[in-house]
Amino acid sequence: MSDAATVLAGLWQAAGCAPEALERLSLTGRDPILPGRFKVGTAALASIGASALAVAECWRLRTGRAQPVSVEIRAAAAAFRSERYLRVDGQPPADPWSPLSGFYRAGDGRWMQLHCNFPHHRDGVLRVLGCEASREAVGAAILRWQAATLEDALAEAGMCAGMVRSAEEWAAHPQARAVASLPLLEIVRIGDSPPEPCGDGLRPLSGLRVLDLTRVIAGPVCGRTLAAHGAEVMLVTAGHLPSIPLLVMDTGRGKLSAALDLRRAEEAGRLRRLIREADVFCQGYRPGALDGHGFSPEEVAALRPGIVYVTLSAYGQAGPWRGRRGFDSLVQSVSGIAHDGGVAAGIEGPRPLPAQALDHATGYLAAFGAMVALFRRAREGGSYLVRLSLARTGRWIDGLGRVDGALARDLRPEDVADLMEPSDTPFGLMQAVAPAEHLAETPARWARPAVPLGTHEPAWPR
């Protein structure tokens, strides 16, 4: 059994899924597939494979027909970097990375990472630093701070930044200990309801309705994955929330896109009406952030008994950092991954993973967890809470071990040209990475093109 197959079997068995299904899965290839010592290819194969095998189980539970499932490592690695390969009318979309984002030396010699890709995060960082918006001015301002003090000051201001730590430093941190106490994928029954079928229709997830209240990569990948197998996925955002056009295009495939401002009572009421007819509610806000709007797991389960409530966060629901904002690259920095990457590369300074692997893995694992909860609902009824975090996924990837021997060269766009598929969209002719998973009877595909945010009315199609 390959490394990835062993890892996937552990995920599958921990979730209480039927062990005989593993006999119908084929994972091919092994690390290294991307540059670096971390086993990103293994993580991609295992997480994509788990979600794909769960799709096949949904189909078998409804129809009685089992089908082989396969994933190949080059396709999985490309899917883990889908946003890097996307082209519109032959050109890459605008780079979402802010000139102010990245690594800086603090006054104590430690490395700090700033994440300023949203305008309000950039402006908030500049207010704390008291400087103008240039890398030179930001660098000079950070030199006046101790890294840990600045990390806390920016977090207190609600900004996104982190001090680069070694793995040993992170392991001693109270948040790391809290993360270590959490399961990779937590599925908790939070209410009672009668059993319901796991979809209904010509595709494995046909008949299932998913509300996707997420942005950036991890949560949107969860919704995109469910849409690829027939679920009716509605992305819900609002005009005042910032977005990254590249990611809207890449992760919006297969989805409806509606706009609702939950600060307005009437629009929050429209979301409640959508929830009453939904099967899955996925959100990526900080733990407790939606509670004030009346959309806590318990409140959503009361609105719709039988709902599967999926929540993703940066640092998990426990520990002193549970309320901190964060992104994949920041979690890599604070948790030792970026530090270890720099050491392995023989450079002075941090080096992140060659993919937003924490994001993508968390997204596929969230889709897997949602389907496992739907299995349980079909068998015994109930409403379920599914919880994941980028920090816990990072711990999982770190635990996969390291690549020995020569490092792989990078996968360039021309190396994955055969894995791309075209679609006509309102943005133009889009070339994007096709689904990595192959299901023999029910192939993955997106029935809708990506569309601009707020294109559709907030109502389920009839």
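A cavity is taken here as a set of grid points where a 1.4 Å probe fits but cannot get out, and its lining residues have an atom within 4 Å of such a point. In this predicted model, the second largest cavity is lined by 13 residues, and R224, Y364, P435, E437 and W446 lie nearest its centre. Its space amounts to about 80 Å³, and its lining comprises eight nonpolar, two polar and three charged residues.

Searching the whole structure gives six cavities of 30 Å³ or more. The largest has a volume of about 140 Å³ and a lining of 14 residues, with T214, R215, V216, V248 and L453 nearest its centre. By class, eight of the lining residues are nonpolar, four polar and two charged.

Turning to charged pairs, the structure holds 34 salt bridges. One of them joins E57 to R60, with the closest N and O atoms 2.8 Å apart. These residues are separated by about one helical turn because they sit three residues apart in helix α2 (residues 40-63). E57 counts as buried at 5% relative accessibility, whereas R60, at 26%, is partly exposed.

A salt bridge also forms between D418 and R74, again with 2.8 Å between the closest N and O atoms. D418 lies in the loop between α17 (390-398) and β14 (420-425) and R74 in helix α3 (residues 73-79), so the pair ties together parts 344 residues apart in sequence. D418 is exposed, with a relative accessible area of 55%, while R74 is partly exposed at 24%.

How values were computed. Residues are numbered from 1 along each chain as its sequence is written. This is a predicted model: local features need pLDDT of at least 70, side-chain atom pairs count only at pLDDT 80 or more; totals for chains, interfaces and linings use all residues. Side-chain values use heavy atoms; hydrogens and water are left out. On a 1 Å grid over the protein atoms alone, a cavity is a set of points where a 1.4 Å probe fits but cannot get out, and a pocket is an open set with protein on both sides within 12 Å along at least five of seven lines; lining residues have an atom within 4 Å of a point. Grid points are joined across faces, edges and corners, and a volume is the space filled by probe spheres set on the points. Ala, Val, Leu, Ile, Met, Phe, Trp, Tyr, Cys and Pro count as nonpolar, Asp, Glu, Lys and Arg as charged, and the others, Gly among them, as polar. A salt bridge is a side-chain nitrogen of Lys or Arg within 4 Å of a carboxyl oxygen of Asp or Glu. Helices (H or I, at least four residues) and strands (E, at least two) are DSSP runs, numbered from the N terminus. Buried means under 20% relative accessible area, exposed over 50%, partly exposed in between (1.4 Å probe, protein chains only).
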